[in-house]
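Student: Hey, could you walk me through this one? I've never looked at it before.

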Amino acid sequence: MGQQQARLWRDDYVLGYTAAEYERLRRQGQTFGPVTRRLFQAIGLKPGWTCLDLGCGPGETMRLMGEFVGPSGEVTGLDRDATAGREAVGRLQATGTSQYRFIEANIEGTDAIGGELFDLTFARLALLFSRDPVAVLRKMYSWTKPGGYVAVQDLHVSTINLYPKLEACSELLRVIRETCERFGQDMEFAFKLPVYFVEAGIGAPDGTDVNLPMTSFEPFIAHHQALCRSLLPKAIALGITTEARMHSVFRDIEQAAVDGQQYSALWPAMIGVWKRKPMR
Ligand SMILES: C[S@@+](CC[C@H](N)C(=O)[O-])C[C@H]1O[C@@H](n2cnc3c(N)ncnc32)[C@H](O)[C@@H]1O
């Protein structure tokens, strides 16, 4: 591993902490909202429950949790990014839908977060970035009440496909994939979650949920272009692409979007996995 990459591994998060990334996450939260709502319904998330959202970012899952648990419940977000977390809590508290709080912490280095155990300990699109997801799952389980739930939703990226092929799109996806892989991310992470649950001592999941959207070109490419823009500074720093190369990729994609060609686009699969902790 080169010195530059070692620095990226130690200090950095591939998607960065910009206002544009927060806005991307909020928009993405609208896309993934229905499938997260479905998982909360499957678990039976109710008014009065207490929830922990690991890697809460700008709070889209916290907002959804608050709708389920209501003013008698409580939603705690945890993230190492205090700017996003505090902003989220400020915005959500003003809605009056539930009680919201935020803990600034790095999941990797935190064993105890204090306070009461939670009815639901949840992470969406967060464990994928962890170097030791089994260790994080073990912590999630220890922060869950007996009778409560541990649940994770994350992406299995290898399902992505586009027909007919478009060179600029293939290049965009290559840049995303290679950059994420250089940061240690496993493109088939979510598919392995049931095994990780067992390895963490949680046990085989009680339930799983898979959502695999297939759409036209526009929403698929808008999602991946936004993702690519967030990780582009890292991709360029790592020599995976150049500004000039990506300029022509984005230009070719814009051209394709107005060409009138019909495309069929298969997205990453969003996989949800959950387990109830025994009462004793
Ligand atoms: C892709 S965002 C997902 C945000 C949110 N869960 C959602 O679904 O919209 C990943 C979040 O995980 C956080 N994160 C990544 N690694 C973390 C770590 N080791 N400790 C705490 N937060 C972490 C990032 O700061 C970021 O806010």
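Student: Okay, how many residues surround the ligand, and which are the closest?

Tutor: Keep in mind that this is a predicted model. In it, 16 residues surround the ligand, and Gly55, Asp79, Asn106, Ile107 and Arg124 are the closest.

Student: What kinds of residues are in that shell, nonpolar, polar or charged?
Tutor: The shell has eight nonpolar, four polar and four charged residues.

Student: And which atom of the ligand does aspartate 79 have its polar side-chain atom 2.6 Å from?
Tutor: That would be an oxygen atom of the ligand. Arginine 124 also has a side-chain N or O atom 2.7 Å from a ligand oxygen. With isoleucine 107, a polar backbone atom sits 2.8 Å from a nitrogen atom of the ligand.

Student: How much of the ligand's accessible area does the protein cover?
Tutor: On its own the ligand has 600 Å² of accessible area, and the protein covers 97% of that.

Student: Switching topic: what order do the strands of the sheet come in?
Tutor: The sheet is open, with seven strands running E3-E2-E1-E4-E5-E10-E7 and mixed pairing. E3 (99–104) and E7 (207–211) are the edge strands, each with a single partner, so one side of each has no neighbour in the sheet.

Student: What about E1 and E2, parallel or antiparallel?
Tutor: Strands E1 (residues 50–54) and E2 (residues 74–79) pair in the parallel sense, over five bridges. Cysteine 51 is opposite valine 75 in E2.

Student: Which strands does helix H5 touch?
Tutor: Helix H5 (residues 133–142) packs on the sheet and touches E1, E4 and E5. The helix direction makes about 150° with that of E5.

Technical notes: Residues numbered from 1 in each chain as written. Predicted model: local features only at pLDDT ≥ 70, side-chain atom pairs only at ≥ 80, totals over all residues. Heavy atoms only, no water. Near = heavy atom within 4 Å. Polar contact = N/O pair within 3.5 Å; in protein donor to acceptor, adjacent residues only side chain to side chain. Areas by Shrake-Rupley, 256 points an atom, 1.4 Å probe, with all protein chains shown as cover. Nonpolar A, V, L, I, M, F, W, Y, C, P; charged D, E, K, R; others polar. Pairing = 2+ DSSP bridges. Helix = DSSP H or I, 4+ residues; strand = E, 2+ residues; numbered from the N terminus. Contact = heavy atoms within 4.5 Å. Axes fitted to C-alpha atoms, helices over the stretch in contact; angles between N-to-C directions.
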